[in-house]
Amino acid sequence: MSSAYIAIHSAFGLMLLWVFVFYFWRDYRVDAFRDHVFSIRDRLFLFAARGGVSFDDPAYTCLRYRMNVVLRYAHRFTLTGFFVTLLHPSRFPSFDRTRWEGALKANADPDTCERLREFDTILSIAILQLMLYRSFLLYLLLRPILRFVEPREVMRSSPNVVSSVEQVEAEALEEEARRRAKDGDAVLVG
Amino acid sequence: MAFPSPATPSKIELEHGLKVARINATVTLGTTIIKYAALVACFGFIYLMTESLAGRTTLATIGLRIMGNLRVSDGISFVFGGGGVLYGVGQRQLRRRSVERLSKMKNELEQVIDQGRSSSGLTSTGTTRPEDEE
């Protein structure tokens, strides 16, 4: 086999690998994440439709709003952002996190609170998985391990990870608040 | 439903935000450099290859050698790889069309139950809005 053939073959293969790792894979992970969050949002809607919580309850509207923002800015959730917030955690609770906690406390029914917290945890796990799995190499490394590790346990045992995920989410919420302020608080319906 | 705006952040909060944004920008720049350096390296290999072959062989000779060296197993792998990409892209387009078709009705039905139903603001096919792209 000639060296020219091997060189062309290798260069062509490397370019295709580049396209796969930096374009197709990342695009796919964001789409998979959005699909997951849409399914969580649908379950939350059904929970409310069955009378679990009122559609006007601040805890419900707050959680749904957060899901919407996460869906919109999913393409900005990167591993880089996650590690930066992990190394430089904010000492200030975010506005939306405080509002969410306040809305939960105001809700009298403990079962409803429990269910809503469950939705919140699932959302946080989904965000963490997106940030980790966006890197193809990290996906290959972590996916087999995470089959045997319960993500909830990881979140429970690592408060720093939880606060980093919350901070990444808070940045998206702040971006949305800035845009809403700029666009005159237009609410997207439909 | 309108959402209240966050209170004005304190100076310390703003400084922390700025610090994190700076680090984020630096690291993002680094990762972008790595990303495109990999692509440049691919082109570099092609350049070095053509340079080493220049004057010794013609494009036609390389083409003939490639064709001559092409084995059935290579052909199968090319067809399999190319077919896989086409299949993936086709499936993606199909999914986006399905999302567009099904989500419209679902959203309308949900709005009957919840008049204040809010949306993610993604496009009708479930992709990032062009103005949100970085």
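A residue is taken as buried if 20 or more other C-beta atoms lie within 10 Å of its own, as exposed if 12 or fewer do, and as partly exposed in between, with C-beta atoms placed from the backbone. By this criterion, buried residues make up 4% of the 134 residues in chain B, while 30% of the 190 residues of chain A count as buried. The structure is a predicted model, in which local features need pLDDT of at least 70 and side-chain atom pairs count only at pLDDT 80 or more, whereas totals for chains, interfaces and linings use all residues. Residues are numbered from 1 along each chain as its sequence is written, and chains are lettered from A and ligands numbered from 1 in the order in which they are written.

Helices (H or I, at least four residues) and strands (E, at least two) are DSSP runs numbered from the N terminus. On this basis chain A has eight helices and zero strands, and its elements follow one another from the N terminus as α-α-α-α-α-α-α-α. Chain B, in turn, has three helices and zero strands, with the pattern α-α-α along its sequence. Along the principal axes, the C-alpha atoms of chain A fill a box of roughly 75 × 40 × 35 Å. Two residues are regarded as in contact if their C-beta atoms, placed from the backbone, lie within 7 Å; among contacts in chain A between residues at least 6 apart in sequence, 85% join residues at least 24 apart.

A nonpolar core is defined as a set of buried Ala, Val, Leu, Ile, Met, Phe, Trp, Tyr and Cys residues joined through C-beta atoms within 7 Å. The largest such core has 33 residues, and those with the most contacts inside it are V37(A), L63(A), V70(A), A74(A), L123(A), I127(A) and L130(A). At least two residues of this core are supplied by each of α1 (3–49), α2 (58–72), α5 (110–133) and α8 (159–182) of chain A, and the largest share, nine residues, comes from α5(A). When residues up to four places away in sequence are not counted, L130(A) touches R29(A), F33(A), A74(A) and F77(A).

Helix packing is described by axes, which are lines fitted to C-alpha atoms, for helices over the stretch in contact, and by angles that run from 0 to 180 degrees between N-to-C directions. Angles under 35 degrees count as roughly parallel, over 145 as roughly antiparallel, 65 to 115 as roughly perpendicular and the rest as oblique. Within chain A, α2(A) and α5(A) pack at an angle of about 10°, with their axes 11 Å apart, and α2(A) is therefore roughly parallel to α5(A). In this packing, A59(A), L63(A), M67(A) and V70(A) of α2(A) meet L116(A), F119(A), D120(A), L123(A) and I127(A) of α5(A). For residue classes, Ala, Val, Leu, Ile, Met, Phe, Trp, Tyr, Cys and Pro count as nonpolar, Asp, Glu, Lys and Arg as charged, and the others, Gly among them, as polar; the contact of α2(A) with α5(A) has eight nonpolar, no polar and one charged residue.

A crossing is left-handed if the near helix is turned anticlockwise from the far one by less than a right angle, and right-handed if clockwise; that of α3(A) and α8(A) is right-handed. The contact is made by G81(A), F82(A), T85(A) and L86(A) of α3(A) and by N160(A), S164(A), Q167(A) and V168(A) of α8(A), which by class gives three nonpolar, five polar and no charged residues.

Between the chains, helix α3 (residues 79–87) of chain A packs with helix α1 (residues 11–53) of chain B at an angle of about 140°, their axes being 10 Å apart, and α3(A) is thus oblique to α1(B). The crossing of α3(A) and α1(B) is right-handed. Here T80(A), G81(A), V84(A) and T85(A) of α3(A) make the contact with V20(B), I23(B), N24(B), V27(B), T28(B) and T31(B) of α1(B).

Two individual positions complete the description. A48(A) lies in helix α1 of chain A and counts as buried because it has 22 C-beta neighbours inside 10 Å. S124(B), in the segment after α3 (72–113) of chain B, is partly exposed, with 13 other C-beta atoms within 10 Å.
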